[in-house]
Amino acid sequence: GISRHFYRGPMSDFDELTQRQCQDADAYADAINSTAFGSKQADVSKMIQEYGMYSQTGLLRTSDGKIFDDGLQLGRFCVNRRYGLESKVSSLGDLYRLRAQGQMRELLHLSASMYSQWFDYAGYASETCPGAFADVYLNMVNNPGYEEKAKYFAKHAVMWGDKRYRRQGRFYVLKQDPEGAIVISEDLQHVYRVLGIGQPLCDVVAKFRRGLPMKVQLTILPFANVLTYDGIVAPMMVPVDEKRKAAIQAAYEYAVLNDSIVERFQPEGRDSVQLRKQLQRIGLGGRKDTFCEACGSPLLRKLRCGRCKSVYYCSKSCQTADWRAHKKECKRKAPLNYSPEVTAAINKIKAQDKGDGYWVFRRFGYTLDENPNKFVCIATATGMMAGMFQTKSLEPTFEEIILNFAENCTRNAAGEQCPKAIGIDHKPIVNEIRKVLEPKVLVTYYPPPSDSEAALYGNARNGRPN
């Protein structure tokens, strides 16, 4: 690599910034070596741009910025789609158009909804994913060629669901330096260094032609171990007087003197455990027996909860301290006694190679008049029927779903592999199925059709429960 060629001493001789610059330089040098010599058509300038450094530009790397912005816009669109706000936003392109035109009110509203429901869609009956985080990940990972980028985005964006690891509100943008924009909280208590996405933050703010420092409304987010903003900046119309400017400058100089400029948010202890659980839910977290449930430290000695046998601790003191938080979850996770047939079906599903699809288990109707034979169909995301089975009553049971899911994983009319996620239209059994199949298969509630949807099939009541 470049740094190894020009300097053969230990990297510890340099400060943290220089080490990061050398690592970035080596990264794109290695990429150029592996690509340029393997193909005469390799675009070296593009490789350098993709692997460019954070430092000296005030920007996220080009590759990170693209993934970051795609995920944010997709999250806003998912929330918009679920809440029926299609008057101005009917496609992803509309979101980019609104931002280009400076129409921030709708984007701020969508962003606030997205962050508050990052892990759980609240108060909305027709959910098909547990929250915007899983919704964005599923949309990304099902896009051919985007799988690795989806995983990269998820691992760095999982913190956005915890309000302690994002900063929303009013800030003063003071100035731009080569390592990012200096942004100060409204109460002057915290100073942040914030990277831009496509342009340095101060370049974006300068378009409002009010001069710096300027008071703005924005959201600061952690991504790839740095801080950036979410692409939405709304200027405040109140001018900053000279007395306030002096106080802002003093706050910045104090932060420099005390080396207290915030450049990253790092979760610790139980916070890191909870965030890891969200990654496990979509199949990206590490093994549960790798980290302590209470303090999040790597396990050198494993103590497992004797009741639910699903969480691990590094010491007896950690297990005792965590009991109050774990008690309710422990009761819910306690193992159930399934029949040998059901146990074999669960193991069969978990042993399958996971595909990229999404299957829906949906009944033909919700009354005996509509569904006299008590049929449940298994439909794919493309509208193909993967299978169909008959239940004993109008409401399918846990055992019936599991047994027929296992059978159709290897033999189905659509010719698809075991899906990445399934939706079930009978809500009482969703949690129990989720408990035994996740993280192998993401399990969500898929609601009965609305009146307008049922009307498309010529029957306003078809598929609607009483």
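User: What should I know before I start looking around?
Analyst: This is a predicted model, where local features need pLDDT of at least 70, side-chain atom pairs count only at pLDDT 80 or more, and totals for chains, interfaces and linings use all residues. Residues are numbered from 1 along each chain as its sequence is written, and side-chain values use heavy atoms, with hydrogens and water left out.

User: OK, what does the protein chain average for pLDDT?
Analyst: The average is 77, and 74% of the residues score at least 70. pLDDT is the predictor's confidence in each residue, from 0 to 100.

User: Where is pLDDT below 50?
Analyst: Residues 34-42 are one such stretch, with five contacts in the model beyond near neighbours in sequence. A contact means heavy atoms within 4.5 Å. Residues 457-466 also stay under 50, and for them the model has 25 contacts beyond four places in sequence.

User: Switching to rings: how many aromatic pairs are there?
Analyst: The whole structure has 15. Rings of Phe, Tyr and Trp (its six-membered ring) pair if their centres lie within 6.5 Å; planes under 30 degrees apart count as stacked, over 60 as edge-to-face and the rest as tilted.

User: How are tryptophan 118 and phenylalanine 133 arranged?
Analyst: Their ring centres are 5.7 Å apart and the planes meet at 45°, so this pair is tilted. It links distant parts of the chain, 15 residues apart: tryptophan 118 is in the loop between helix H6 (104-116) and helix H7 (132-141), and phenylalanine 133 is in helix H7. Helices (H or I, at least four residues) and strands (E, at least two) are DSSP runs, numbered from the N terminus.

User: Are those two buried or exposed?
Analyst: Both tryptophan 118 and phenylalanine 133 are buried. Buried means under 20% relative accessible area, exposed over 50%, and partly exposed in between (1.4 Å probe, protein chains only).

User: And what about tryptophan 359 and phenylalanine 405?
Analyst: With centres 5.9 Å apart and planes at 65°, that pair is edge-to-face. Tryptophan 359 in strand S9 (residues 358-363) and phenylalanine 405 in helix H14 (residues 398-410) are 46 residues apart. Tryptophan 359 is buried at 0% relative accessible area, and phenylalanine 405 is buried at 0% too.

User: Which residues form an aromatic cluster?
Analyst: One cluster includes Phe68, Trp118, Phe119 and Phe133 among its members.

User: Which charged end sits over the ring of phenylalanine 265?
Analyst: That's arginine 167, 4.3 Å from the ring centre. Here NZ of Lys or CZ of Arg must be within 6 Å of the ring centre and within 35 degrees of the ring normal. Lysine 427 likewise has its charged end over the ring of tyrosine 445, 5.1 Å from the centre.

User: Next topic: how many salt bridges does the structure hold?
Analyst: There are 12. A salt bridge is a side-chain nitrogen of Lys or Arg within 4 Å of a carboxyl oxygen of Asp or Glu.

User: Which residue does glutamate 186 meet in a salt bridge?
Analyst: Lysine 215, at 2.7 Å from N to O. Glutamate 186 is partly exposed at 32%, while lysine 215 counts as buried at 14%.

User: What does arginine 97 pair with?
Analyst: Aspartate 94, with the closest N and O atoms 3.5 Å apart. Both lie in helix H5 (residues 92-100), three residues apart, about one turn of the helix.
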